[in-house]
Amino acid sequence: DCTITVYTSKKAVYQGEKASLYLTQPLEEDEAGSDEVGTGDYFGPVTVCAVLVKKEDIAFLKELKVNDSKQINDDQIRQKAPLLIKRLTHSLLILDNIKYNQIHTINNMNQIKAKLHNQAYLHLQKKAGSLPERCIVDQFAPKDLYYRYLQNEPHIINGLTFETKAESKYLSVACASMIARYAFLCAWDKMEKHYQCTIPKGAGAEVDRFAAAFVNKYSYEELSKIAKMHFKNTAKLK
């Protein structure tokens with residue numbers, strides 16, 4: 001249920017349904033990874049983080065039991081992510097809903113994500129002085145298409161590695177996932193505090209019901225401050 005291919009370049013690729021069970025990938029050199037959170041939620045911002053992990057960080061991360069943010073609950077994220085933020089060089093971007101809705105009029109979701117990942121790596125490069133040879137993106141689009149999205153950007157980070165489910169394979173992407181999730185949760189807390197209510201996550205029927213009640217109480221204009229207006233949830237309201 002798992003195929004392991006080892007190349008002369010020292011790169012190892014684990015493939016198969018149970019690949020993550022066998023994967024104990026050693027970090028022989030520094031690596032950077034990036035991931036995003038919030039793109040599947042009608043409410044809340046999109047957060048993207050790029051993180052640099054060095055060999056000397058391994059023991060700390062293993063003791064902390066770092067994992068993909070989707071595999072651990074939000075309470076654990078709130079406990080562990082601040083420790084990662086304090087320890088690791090990272091770049092965190094938070095795209096609020098007002099700006100997101102403006103940008104989405106001329107960029108689709110994947111274009112927005114590509115530009116955010118690129119910007120996160122540019123900031124990380126500036127913070128760290130340079131980027132390691134291996135920089136991994138949790139893949140949301142094929143490599144060629146990713147760079148096509150960036151063709152008009154003034155500065156582009158090239159040579160990235162794209163892998164699906166990278167957050168379960170690479171410590172750097174797992175750390176990025178956790179920090180991005182933590183930033184998303186903090187923004188969510190502020191949103192709920194401002195409106196003094198509990199706001200449902202995701203984009204399902206519960207979200208539809210909440211959005212309808214929200215518009216009745218406030219307005220579509222107010223909704224656009226906290227929601228991604230191109231989602232089908234908005235069309236259902238109309």
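Predicted model: local features only at pLDDT ≥ 70, side-chain atom pairs only at ≥ 80, totals over all residues.

Modeller: Let's start with serine 34, which has 0% relative accessibility and so counts as buried, the cut-off being under 20%. Serine 34 sits in strand β3, which covers residues 31–37. Who surrounds it? Setting aside neighbours within four places in sequence, serine 34 is in contact with Cys49, Ala50, His117, Tyr121, Ile136, Val137, Asp138, Val173 and Ala176.

Now for helix α7, which spans residues 171–195. The axis of α7 comes within 9 Å of the axis of helix α3 (residues 74–87), and the two cross at roughly 115°. That makes α3 roughly perpendicular to α7, and α3 passes α7 in a left-handed crossing. On the α3 side, the residues that meet α7 are Asp74, Ile77, Arg78, Lys80, Ala81, Pro82, Leu84 and Ile85. On the α7 side you'll find Cys175, Met178, Ile179, Arg181, Tyr182, Leu185 and Asp189. Sort the residues of this contact and you get 10 nonpolar, five charged and no polar.

Lysine 165 is in the loop between β7 (161–163) and α7. Lysine 165 has a positive phi of about 55°, although it is not a glycine, and at 61% relative accessibility it counts as exposed. Glutamine 196 lies in the loop between α7 and α8 (205–217). For glutamine 196, also not a glycine, phi is positive and near 55°, and with 73% relative accessibility this residue counts as exposed.

Conventions: Residues numbered from 1 in each chain as written. Heavy atoms only, no water. Axes fitted to C-alpha atoms, helices over the stretch in contact; angles between N-to-C directions. Helix = DSSP H or I, 4+ residues; strand = E, 2+ residues; numbered from the N terminus. Parallel < 35°, antiparallel > 145°, perpendicular 65-115°, else oblique. Left-handed = near helix turned anticlockwise from the far one by under 90°. Contact = heavy atoms within 4.5 Å. Nonpolar A, V, L, I, M, F, W, Y, C, P; charged D, E, K, R; others polar. Buried < 20%, exposed > 50% of the residue type's maximum accessible area, 1.4 Å probe, protein only.
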